[in-house]
Structures are given as structure tokens and as C-alpha cells.
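Biologist: I'm new to this one, and I'd like to learn how to read its features. Could you walk me through them?

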Amino acid sequence: MSCQSDSLLLIGAGGHARSVLDIALENGQPVAGCLSPDYPTLRSVPGLEEIPIIGTDNDLERLFREGHRKIFVAIGNNRLRGRLYRQALEIGFEPVNLISRYARVSRYARLGRGICVMAGAVINIGCTVSDNVIVNTNSSLDHDCTVGPSCHIAPGTAVSGGVSIGEGVQLGTGCSVIDGVSIGAWSFLGAGSVVVSDIPDHLLAYGVPAKRIQALPR
């Protein structure tokens, strides 16, 4: 049996966490358990009853003292995931990357920490993907893209070459982004949007082509 420092602790136990767990288990990564706000009512991950829920995020410091070191923040909400990721770093946890064996990541791409790359995803040559990013199922980043921290590239999204994506951006399911554009920090692109020009920070936009809908809170 692996010691606690080798086993992975997940923050989250919902649908996204289950997808992340599937990759971890497929890759042979030992899992110590998950943290959920529904603990102690919920004691195991639904659909993965062999994975225990062992506390909430309020237990992070205790679990670190007990010897847990490897962590992954498996929460879909970008702001909450970012906050919990920073909290885990401050305590001293070591974020890991979880990459599906069915994804394709160029050896010339640069990845930060705490990144999940789902099945069917592609990260091509020259890309830089910062910490705490989700590159979801069947999404793609073509050559020389830059992705800021705590972004979510949702399923089926296609990002062409040389795109700059700021911190906390959400690219909704099935978005298409043409080459060379910039998407500002904490902007949200609705599902199916086609991005053909730069998007400012803190903006909700969607449509074909994507158009400004409203400013988002900072």
C-alpha cells in the first residue's frame, strides 16, 4: 500500500471530480480520498463507492499535517477552483497533472501544475498552459497558444494557433476561436460561440460571431 504522501487527495466529489478520478485510476494513481462540502452526510463518491470522502476543504491543514502531499482541485467553477488551488499551495500541497492516456500533448508544449487534460484533447507544439487549467474532452489547442491560470476549455472547443487566453476564462462547449486573437481575463464565451476578434477582460459574449452581451463582475 502506498503511503499518504504518494496518494492523491482530490478537492471535489461532483461530476467533474468523477471524470478526473477516472483518469487518475486509469493511470494507476493511488487515491486517498475526496473532500466535499456534503461530508459527513456523503461518505463516498457517487458511482465510485470505493473512493471515500474524508472531509471538507476546512480539513486541508489537518490532512497536510497527517502526511498528505499530492492534491488536485477537481471543481468546475473557475473562481472557486482558483481560490482552493491557491489555498492548497499556501498550505504546502503539491498539485499534480492528470492527463488521459487518450489525450495528445506535444513534447514541445509547456504545462504548469494542477492541470487536467481529458480524453481526446490535443495540446500542440509551442503551447503554454498555466496552472489549474481544465482542457476538457475532445477540445484542442493548436500551435503556440497561451492559456492563463484557472481557465476551462470546455468539451469540443477548437482553438486555432497563436491564441492568447487570459486568467479564468471559460470557453463554453463547442466554441471555435480563430487564430491570433486574445481573450481577456475572466471572460465567459457561451457554448457554440465563434470568436473572430479580441475579447476584453470580464466580458460575457456569445453568438456567431461572438458579440458583447454584458460586463461581468470583477
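**Reading the salt bridges**

Modeller: Let's start with Glu66, which counts as partly exposed at 40% relative accessibility. Keep in mind that this is a predicted model.

Biologist: Which side chain does Glu66 meet in a salt bridge?

Modeller: For a salt bridge, look for a side-chain nitrogen of Lys or Arg within 4 Å of a carboxyl oxygen of Asp or Glu. Here Glu66 pairs with Arg62, at 2.9 Å from N to O. Arg62, partly exposed with 30% relative accessible area, also forms a salt bridge with Asp59, where the closest N and O atoms are 3.7 Å apart. Shared partners join Asp59, Arg62 and Glu66 into one network.

Biologist: How many salt bridges turn up in the whole structure?

Modeller: Three. Another one is between Arg101 and Glu26, with 3.9 Å between the closest N and O atoms. That pair links distant parts of the chain, 75 residues apart: Glu26 belongs to helix α1 (residues 15–26), while Arg101 is in the loop between β7 (98–99) and β8 (104–105). Arg101 is exposed at 51% relative accessibility, and Glu26 is partly exposed at 30%.

Biologist: And disulfides: how many does a search find?

Modeller: Two cysteine sulfurs have to lie within 2.5 Å. The search finds zero. Take Cys116: its closest cysteine sulfur, in Cys34, is 13 Å away, so a bond is out of reach. Cys175 is in no disulfide either, with the sulfur of Cys151 12 Å off. Cys116 is buried at 0% relative accessibility, and Cys175 is buried with a relative accessible area of 0%.

Methods: Residues numbered from 1 in each chain as written. Predicted model: local features only at pLDDT ≥ 70, side-chain atom pairs only at ≥ 80, totals over all residues. Heavy atoms only, no water. Buried < 20%, exposed > 50% of the residue type's maximum accessible area, 1.4 Å probe, protein only. Helix = DSSP H or I, 4+ residues; strand = E, 2+ residues; numbered from the N terminus.
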